[in-house]
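Colleague: I am new to this one. Can we go through the side chains together?
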Amino acid sequence: MSKTEKIFVEIDEIIKAIDLCRIEPLFSEEKNRRQNKIVSVIPNDNEILKTLSHLIAYSQNSNSEIVEQVLKSGKFDNAFKGFNIDEVVQLNPCDIADEHWNAIKGIRQQAKLFHIISLSRKIKKIGSFSDILNHTNIPEKIKSEKDIEKFWIGFDQLLVTLKDNKIPFFQSTTSLLHFLLEIGYDCVKPDLVVMKVAKKLNIVENETGDKNFRETVRFIQEYSIDRKIKPSVVDFYFLINGGQMGAKKYVTAEFYK
């Protein structure tokens with residue numbers, strides 16, 4: 001048995017163990033949401049700003065469960081005028097902090113308010129940023145090794161575009177993968193939890209570094225093709241296995257014993 005097949009079997013075992021401890025219907029609802037999500041056209045820059053801003057809220061090791069509660073409350077969106085880009089570009093992050101911080105402090109860092117305002121102004125300056133994202137060369141579904149190659153070629157092209165336009169917060173492999181995952185592409189976000197599991201499985205030798213992030217995502221894409229399961233669903237199992245705060249609620253406490 002090759003090293004790759006050995007790791008594939010170990011991932012199979014993780015999935016089986018989690019399935020025995022799942023809490024229903026919560027578990028299946030989230031798994032099905034991920035399984036059924038498809039890439040859709042982003043209607044406008046307001047929607048892009050909202051999606052990217054929500055990802056910024058989750059970033060920098062914030063407690064995912066607390067951030068989820070903040071976003072569900074609607075208070076974060078309210079602080080940014082529902083992400084109407086024409087209004088957001090006029091906002092002052094200090095004013096947002098003064099008026100709304102107590103309601104949204106679950107995102108942890110006030111600097112994120114500045115990043116979101118800065119992001120809105122960059123998107124506004126570019127013009128139709130939604131057109132850039134709707135016309136990437138990234139395949140909407142990955143069904144073969146060739147599709148994986150196309151994914152990473154398109155990914156690097158998009159990354160260059162973001163860097164050229166100095167889009168704040170989304171010029172790194174991890175943040176861009178998170179965005180693509182969020183809008184339905186076949187990838188995962190190589191965050192701390194996912195990388196911890198990847199190292200444990202010997203997919204990579206180290207949990208940090210761009211090379212290791214890419215190797216982990218690519219390996220999961222290869223596993224997904226072989227086992228006919230979406231990368232976003234594998235991501236779900238990795239987050240549970242790694243004990244992410246927002247993912248623990250999907251399984252019984254027995255799993256972690």
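Colleague: Which residues form one aromatic cluster?
Modeller: Keep in mind that this is a predicted model. The cluster is made up of Phe27, Phe236, Tyr237 and Tyr250.

Colleague: How many aromatic pairs does the structure hold?
Modeller: There are 13 aromatic pairs in the structure. One of them is Trp152 with Phe155, an edge-to-face pair with 5.2 Å centre to centre and 65° between the planes.

Colleague: Where do Trp152 and Phe155 sit relative to each other in the helix?
Modeller: Both are in helix α10, three residues apart, so about one helical turn separates them.

Colleague: And is Trp152 buried or exposed?
Modeller: Trp152 is buried, at 7% relative accessible area. Phe155 is buried as well, with a relative accessibility of 0%.

Colleague: What lies over the face of Tyr256?
Modeller: That is Lys248, at 5.6 Å from the ring centre.

Colleague: Changing topic: how many salt bridges does a search of the whole structure find?
Modeller: The search finds 23 salt bridges. One of them joins the side chains of Glu13 and Lys16, with 3.6 Å from N to O.

Colleague: Why are Glu13 and Lys16 separated by about one helical turn?
Modeller: Because they are three residues apart in helix α1, which covers residues 3-19. Glu13 is partly exposed at 43% relative accessibility, while Lys16 is exposed, at 52% relative accessible area.

Colleague: Which residue forms a salt bridge with Glu149?
Modeller: Arg218 does, and the closest N and O atoms of the two are 2.2 Å apart. Arg218 belongs to helix α13 (residues 210-227) and Glu149 to helix α10 (residues 145-164), so this pair ties together parts that are 69 residues apart in sequence.

Colleague: What about a salt bridge network? Which residues are in it?
Modeller: Start with the salt bridge between the side chains of Asp226 and Arg227, at 2.4 Å from N to O. Through salt bridges that share partners, Asp226 and Arg227 are joined with Glu5 and Asp12 in one network. Asp226 is partly exposed, with a relative accessible area of 41%, and Arg227 is partly exposed with 26%.

Colleague: Now the inside. Which residues touch the most other members of the largest nonpolar core?
Modeller: Phe76, Phe80, Phe179 and Leu180 do, in a core of 84 residues.

Colleague: What does Phe76 touch?
Modeller: Leaving out residues up to four places away in sequence, Phe76 touches Ser53, His54, Ala57, Val70, Leu71, Phe83, Ile104, Ile107 and Ile116.

Colleague: I also had Leu162 marked. Where does Leu162 lie?
Modeller: Leu162 lies in helix α10. With 3% relative accessible area, Leu162 is buried.

Colleague: And which residues is Leu162 in contact with?
Modeller: Apart from its neighbours within four places in sequence, Leu162 is in contact with Phe129, Ile167, Phe170, Gln171 and Leu176.

Colleague: How far apart are the C-alpha atoms of Leu162 and Leu181?
Modeller: Those C-alpha atoms are separated by 17 Å, and the two residues are 19 residues apart along the chain.

Colleague: Last topic, cysteines. How many disulfides does the search find?
Modeller: Zero, across the whole structure.

Colleague: Is Cys21 buried or exposed?
Modeller: Cys21 is buried, at 14% relative accessible area. Cys94, by contrast, is exposed, at 52%.

Conventions. Residues numbered from 1 in each chain as written. Predicted model: local features only at pLDDT ≥ 70, side-chain atom pairs only at ≥ 80, totals over all residues. Heavy atoms only, no water. Salt bridge = Lys/Arg side-chain N within 4 Å of Asp/Glu carboxyl O. Helix = DSSP H or I, 4+ residues; strand = E, 2+ residues; numbered from the N terminus. Buried < 20%, exposed > 50% of the residue type's maximum accessible area, 1.4 Å probe, protein only. Phe/Tyr/Trp six-rings, centres within 6.5 Å; stacked < 30°, edge-to-face > 60°. Lys NZ or Arg CZ within 6 Å of the ring centre and 35° of its normal. Core = buried A, V, L, I, M, F, W, Y, C linked by side-chain atoms within 4.5 Å. Contact = heavy atoms within 4.5 Å. Disulfide = S-S within 2.5 Å.
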